[in-house]
Amino acid sequence: MERQRKARLAAALRAIVGQDGVITEEDELRVYECDGLTIFKALPELVVLPRTAEQVEAAVRLCYRERVPVVPRGAGTGLSGGALALEGGVLIGLNRMSHILEVDVPNHRAVVQAGMVNVWLTNKIAGDNFYYAPDPASQTACTIGGNVAENAGGVHTLKYGVTTNHVLGLEIVLPDGEVVEFGGKALDPPGYDLTGVFVGSEGTFGICTAVTLRILPKPEAVKTLMGVFETIDDASNTVSAIVAAGIIPACLEMMDSLSIQAVEQGIRAGLPTDAGAVLLVELDGPRAEVEALLPPISRLMRQNKVREIRIAKDEAERLLLWKGRKAAFAAMGQISPDCYLQDAVIPRTRLPQILHEIAVLSREYGLRVANVFHAGDGNLHPMILYDGRNEAELHRAEELGGKIMQRCIELGGSITGEHGVGREKRDYMPLMYTEADLEAMRKVRQVFNPDGLMNPGKIFPTSKSCVEVGAGGRDRIGYRPHRLEVMGLAQRF
Amino acid sequence: MVDPAVLAKRARDIVGSDHIQTGAAAAAFAVDGIAPGVLASPGSEEDVSRLLAAAEELEAAVAPWGGGTKMGLGAPPRRLDLVLSLARLNRVVDHEPADLTATFQAGMPLAAVQAHLKPKAQFLALDPPFGARATIGGILAANASGPSRLGYGTARDLVIAVRVVHADGTVTKGGAKVVKNVTGYDMNKLYIGSLGTLGILTEATFRLYPLPVAEETSLCAFPTLEAAGTAVAEILGSSLVPRAVELLSAGAAEMVAAPAGLPWAGGQVGLAVMIVSVPEAVRAQLNDVAKFCRGAGSTADHVMTGAAHTACWEAIREFPGPSAPRSLVLKGSVPLTRVPELMSRGVGLAGQRHLPCQAVAEAGSGIVRLYADALPAPPERTADYVETVRGVAAELGGHLVVLEAPLAVKRRVDVWGPVGKALRLMQGLKTQFDPKGILNPGRFVGGI
């Protein structure tokens, strides 16, 4: 954008949002050049920070008239480069729209602004003994609007589902500035399920400004137990056995030996460093049910040669069991200069197989791969450890990452379970979908975003013929953990 | 209208003469009195694809047909040339018990699906009406659900992948056969509830649930809907985890109690609460339910297990049953706390118009179904009733859809009701996916 035009646009935007709502200086714009996946960077030309839906509407209308690309952004905790201004233009930060508009406990609903931080809602309604179920690991920072865009998951999705299962209504500013509402407090609105279609559209359909959410009464009881296993096969078989027994825990989380070692070198969560795997199981619900299910789960663990079972007696012990799991990703910095995180899904039964294959590939490529994952829903987060200073190693890491993703798809899986496609995985889309499948998706985008001005460059492959497996250059992998993550107080997934 | 002879020849070339009906045999598949010239029963997804491609070329209007249980849903079609029966697409595509996922062809009846899953102690957590005949494709197209949606959600929560044949014959998939997936847009949501106006579903993959170890039901009697509503609010606001919570108007409660073998005092409304868990937790929760009900003024409390429990829920799900008249069925949806009011006003307004009416509500989901016998009444009066109750639902913060009505009534009301400014987007989707408007033209919202 030429300077004069940019100045004119900035002035017009200031007239909408006020003096302090527009950022034009490069050093301040740098804050918005990437999301949680720090290696993709793109500097927006302007950042606008509206406080009301009307301001969003006016800003979007202006940009539409000026044919300027618009990128919505929440807290920037995304892990797929989804909130990047790849084609420049105006980035609209929703952080100032952080109010809880209405809590309607008797109707089990809350209406919040898009920039509200996920955990604030649960904090607000805790006194009523209610909570908001989707709990992405970044819930202390991420916003509901971002959760809606990415259809965020969390550790309790096995039982409670993901964001889309809890969003009942949306207020949207379409790319041309028109405001529309989908759904609301009442279920099953007539017509196509536009709420369902919008959730997970990664900011390419418009900007959501307000969200109607389902809130739930807190479970009467929560019990967390950890099984320590000699091998990851034993832990995987336990997961299968629990599911086969007809038990659906609130979560089933697993860590392999390399992850355990990294954690213990870092924060020392009290995990046995010689273990092959640990499996974390959390049950919640009516007290009688939770108490009744504990013995069978322990029994299934023993049948699968568990070495030790730890059961949290109180909330403090429960948090201790979780601490290692939460710190796992950041702990990789203890054992490796660099780490390439992936987010793939396989059918749960393929868990032992894919872990074996990852181990074989790891040896073949001479690179260590640590595994931490949501075992209950088959959502893997392999972490490829490498030294980015070594060019050859970097390339091997990329190739290995592509191989793992390809194998997950061959086993009937998916290339992303909760992080989204964004910028990062757009060129991997053809691995999973045919051109016709993608064309059907483009038709939907065409309806919402016919000019392609809203969050351009995301989701769809840049070139129809080009499937880059493990390509993308140096900038695709690096990651630097936040201090809170290193301490096991926050996590990314 | 397309020449039936031309259409029949094209269809015969694709599916063979054994799977084509014309004339009176095809006319039996009329939709709202409009008879198709041809009925075709494809035997494969490829047949569906070729049939649709041919239909689009001829600009023949197509209505997909599953079990035929929801053909009353929607506005009368603008035109109809070809009914495409999915009856032969009735196979289990795959079932991975350990993954708790399974894929079924669209024409498979729900009852057959459940029969297939039962030996593995699993089930598909959908319990819409007409469970014996309703098919997977029809249930998804109508986004039909039943009482247990409180515990498990609806098709939009349970479907993880679909295969769809588009108007031009193109076949695509949406989603993946894994329980967690955010790769690309959530296309499953687009097709569920679209009444076959965007494409024809050929198969769907679901996440399954284990069959419960124990399930029991409490059926409580209350003097008024308001009192029962108080109990509902207490139960829903507590940490109890009911699988279904149904409120029954007085007449409905009697009709549900009878097959369950329970005595029922006239004039008492009913509250049925189903608890599903391990046996010890079922008992503990039912005790709490009874406590809440007594506190709200219940006059009787029946706990049902086994056959009585099953009969009670069958009666609720299939209300008002095969022998009772059900010429008008309305589905209102309101915020949870407004359910008793919509029920009593819905029944009251019908009474004022001499329409016998009962109400059955999924009180934990805010869904109120009103069942009226409208055949004896002049259609103007019934149409006036529909519009008036719709006004009440809107006033209470919700909306109302006509699920079934005599044709003369459907011609006088908008069966779907208004969808607001979102209609422009919905019309846009229709144009993108079915530019020639051959799929169920006229039956969906806003004339789509």
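**Exercise 1. Which residues on the other side of α14(B) are exposed?**

Solution. The model is a predicted one.

Step 1. Locate the helix. α14(B) covers residues 379-395 of chain B and holds 17 residues. From its first C-alpha to its last it reaches 24 Å, close to the 24 Å expected at 1.5 Å a residue.

Step 2. List the buried positions. They are Thr382(B), Ala383(B), Tyr385(B), Val386(B), Val389(B), Arg390(B) and Ala393(B).

Step 3. Look down the axis. The buried residues of α14(B) fall within an arc of 155°, so they line one face of the helix. An α-helix has 3.6 residues a turn, so residues three or four places apart point the same way.

Step 4. Turn to the other side of α14(B). Glu380(B) and Gly391(B) are exposed there.

**Exercise 2. Find what the buried residues of α14(B) pack against, and what follows the helix.**

Solution. 

Step 1. Among the partners in chain B are three strands: β16 (328-333), β18 (367-372) and β19 (399-404).

Step 2. The helices α13 (339-352) and α15 (407-410) of chain B are also packed against these buried residues.

Step 3. Just after α14(B) comes Gly397(B), with a positive phi of about 95°.

**Exercise 3. Describe how domain 1 and domain 4 of chain B meet.**

Solution. 

Step 1. The domain assignment of chain B gives domain 1 (4-85), domain 2 (92-210), domain 3 (214-314) and domain 4 (328-420).

Step 2. Take the distance between centres. For domain 1 and domain 4 of chain B, the C-alpha centres are 32 Å apart.

Step 3. Count the contact. Domain 1 of chain B contributes seven residues and domain 4 of chain B contributes six residues.

Step 4. Sort the domain 1 side by class. It has three nonpolar residues, three polar and one charged.

**Exercise 4. Describe the side of chain A that touches chain B.**

Solution. 

Step 1. Count both sides. Contact involves 73 residues of chain A and 69 residues of chain B.

Step 2. Name the elements. In chain A, β9 (179-183), α7 (194-198), α8 (232-244), α10 (287-303), α14 (429-432) and α15 (435-448) each supply at least two residues. The most comes from α15(A), with nine residues.

Step 3. Sort by class. This side of chain A has 35 nonpolar, 25 polar and 13 charged residues.

**Exercise 5. Is Leu279(A) buried or exposed?**

Solution. 

Step 1. Leu279(A) sits in strand β14 (residues 277-285) of chain A.

Step 2. Apply the cut-off. A residue is buried if 20 or more other C-beta atoms lie within 10 Å of its own. Leu279(A) has 26 other C-beta atoms within 10 Å, so Leu279(A) is buried.

**Exercise 6. Describe each chain as a whole.**

Solution. 

Step 1. Chain A has 16 helices and 19 strands. Its radius of gyration is 23 Å, close to the 23 Å that the globule rule gives for 493 residues, so chain A is as compact as a globular protein of that length. Buried residues make up 57% of chain A.

Step 2. Chain B has 16 helices and 19 strands. Its radius of gyration is 22 Å, which agrees with the value near 22 Å for a compact globule with 448 residues. In chain B, 60% of the residues count as buried.

Terms used:
Residues numbered from 1 in each chain as written. Chains lettered and ligands numbered in written order. Predicted model: local features only at pLDDT ≥ 70, side-chain atom pairs only at ≥ 80, totals over all residues. Helix = DSSP H or I, 4+ residues; strand = E, 2+ residues; numbered from the N terminus. Rg over C-alpha atoms; globule rule 2.2 N^0.38 Å. Buried ≥ 20, exposed ≤ 12 C-beta atoms within 10 Å, placed from the backbone. Contact = placed C-beta atoms within 7 Å. Nonpolar A, V, L, I, M, F, W, Y, C, P; charged D, E, K, R; others polar. Expected span 1.5 Å × (residues − 1). Arc of directions from axis to C-beta. Domains from an automatic or database assignment.
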